[in-house]
Structure formats: structure tokens, C-alpha cells
Amino acid sequence: MNTQTDIAPDFGAIKAKQQATWGSGDYAKVGSTLQIVGETLCEAIDLRSNARVLDVAAGNGNATMAAARRFADVTSTDYVPGLLDASRRRAEAQGFDNVAYQVADAEALPFDDGTFDVVLSTFGVMFTPDQTKAASEMARVCAKGGTIAMANWTADGFIGQVFKTLGGHMPPPPGVKSPALWGDEATLAAMFAGQVSDIRIEKKDFVFRYRSYGHFMDVFRTYYGPIHKAFLALGDKGAALEADMEALCQRFNRDPDGGFTLPSQYAEVIITK
Ligand SMILES: C[S@@+](CC[C@H](N)C(=O)[O-])C[C@H]1O[C@@H](n2cnc3c(N)ncnc32)[C@H](O)[C@@H]1O
């Protein structure tokens, strides 16, 4: 008899649904607030000007902008075309002429082996359903001696707990692994085994700063695809999710005065091929 773990997940169907989710709301409104993570990551790897950089699952260009302002030669990819359009507008506004855009699935990157000196992904590749395939693709397109650098939410951090909370109300399809595994050292070692020479991880915090809990929820319910879609799907049952989200935010919020100053742990991962 098949148990849940015996069932091979239909990655194609899962991905199509996820793509619609990230295309809903307007992730760009949230992505822009995370800009410091791209900047921090580029400094952490001591990014060189003229480096050939690929940003995977780039959204509206958090890591892309950081690499572009350091005069790298950037290719920015995502499977939601509208987010790449938003990134293109950002690049134009800042006068960058060193960014190329390409719609691409992180699990099937349309580039030759060893094309890039640096492969980046901030809170992006971690959301692919076939984690092993996505890791192999990043390693494949990175040149020997090159760098793969990521920012991945951890399981215990706030956003890791947000996804756990969402899963409690809308269970993911059988066989789909938690995105937060990309913040786990042993899992990363297994995913990249035999393909890279060194993996370093440092835990850091990104601090969400909003006027209040209500402000945060309004922004995330309106613009952040996974939360936006969850409330749409739950309809009347959304009140229970709302209550769990409020309790979760109270647990992490460090602003005692009704404001919203909330650290969320992520793993800064630096891999040498
Ligand atoms: C949380 S957003 C992060 C975006 C951006 N890197 C940032 O730091 O703001 C996740 C992004 O991953 C993209 N994404 C998820 N799975 C993908 C896949 N299989 N191929 C390409 N992009 C993917 C989504 O479209 C979305 O833009």
C-alpha cells in the first residue's frame, strides 16, 4: 500500500501553482524592502566589478540591483515575467546598463555549464519544489572556482514559521519539502554533495519594520503571493489563520510600543565550486 511518502510529487503541477502564487499580489512591494540583504550578500562575497553574475529567482531584483551597482555584468532571471519588468524599471531609474533579463525556471536554467563567476539567489531558489535539481542547476552554471551565494530563511526564524503556519491551514502537496531546508547546513551539504568544494553558513537577521501589526498584515495580505493566495483560498476560514499570524507576530515582534520591528533569521550561504 502506498503511504504519503511513497507518492512521487508532481513537480510540474506544483510549480505551475506556485508560479501563479508568486505572480499574484505584487511581490515587488515587499521585495524592495529586503534590499539590504542583496547588498550584504554582495559584500560578504567581496563581489568584483566585471564578474559575470546570475541572479536566480530574482523577483524584482534585490540581489540584481546590488550586483549592478557594483558594476558586475548581471543576468537576472525569474519565472514571473511581471517581476522582471518591475526590476527592469528599477534598473532604468538607477541608470544601470549592465543588467540582462531572461525569464527562466530555476530548475532548468537556460545557460551553458560554467557560464557565471557568481550565482546569487536571495529568498528565491529556496522555493523550488525539486530542491536537488535546483541546487544542481546552480552548481552547473557556476564556473569552477566560482561562488554560489544565497540568503535562505531558516526554519526557526519568523518567515520559516510563517510558512509552517500557512502549512497548518493549507497543507502542502505530499512529498513537497520545506523551503526552510535551504537554511539547514546538513541539507545543503547533501544537496550540493560532489558538486562544490566548500560551503560556509552564517545566520543573520533581516528586520521587518512596519508601522504596526495591522500595517504589516495589510501589506502582506495584499501583495505577498503566498499569504495573499492563502487568505483568498480560505475564505471564511481565514479568521483562524489571521489569529495564528497575530500570535506569531507577537512572539517575534520586539517593539513594545505598538510598532512592528521584527527580526527574521536567515542563513547567508557562501559556496565555492
Ligand atoms: C520571495 S521571492 C524573492 C525574490 C527576490 N530574489 C528577492 O530577494 O526579493 C521568491 C521568488 O522566487 C521566484 N521563483 C520561485 N520558484 C521559481 C522557479 N522555479 N523558477 C524561477 N523563479 C522562481 C518567484 O517568482 C519569486 O520572484
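**Exercise 1. Find which helix gives the most to the shell around the ligand, and describe that shell.**

*Solution.* Start with the helix: α1 gives the most, with three residues. Helices here are DSSP runs of H or I with at least four residues, strands are runs of E with at least two, and both are numbered from the N terminus. Before going on, note that this is a predicted model, in which local features need pLDDT of at least 70, side-chain atom pairs count only at pLDDT 80 or more, and totals for chains, interfaces and linings use all residues. Residues are numbered from 1 along each chain as its sequence is written.

Next, list the neighbours. The ligand is surrounded by 22 residues, and the closest are Trp22, Gly31, Ala57, Gly59 and Asn62; a residue is near a molecule if its C-beta atom, placed from the backbone, lies within 6 Å of it. At least two shell residues come from each of α1 (11-23) and α2 (27-31).

Finally, sort the shell by class: 11 residues are nonpolar, seven polar and four charged. Here Ala, Val, Leu, Ile, Met, Phe, Trp, Tyr, Cys and Pro count as nonpolar, Asp, Glu, Lys and Arg as charged, and the others, Gly among them, as polar.

**Exercise 2. Locate Asp46 and Phe71, and say how exposed they are.**

*Solution.* Take Asp46 first. Asp46 sits in the loop between α3 (35-44) and β1 (52-55), and has a positive phi of about 55° although it is not a glycine. With 8 other C-beta atoms within 10 Å, Asp46 is exposed.

Now Phe71, in the loop between α4 (62-68) and β2 (73-78). Phe71 is not a glycine either, yet its phi is positive, about 65°. Phe71 has 14 other C-beta atoms within 10 Å and is partly exposed.

Note on methods
Buried ≥ 20, exposed ≤ 12 C-beta atoms within 10 Å, placed from the backbone.
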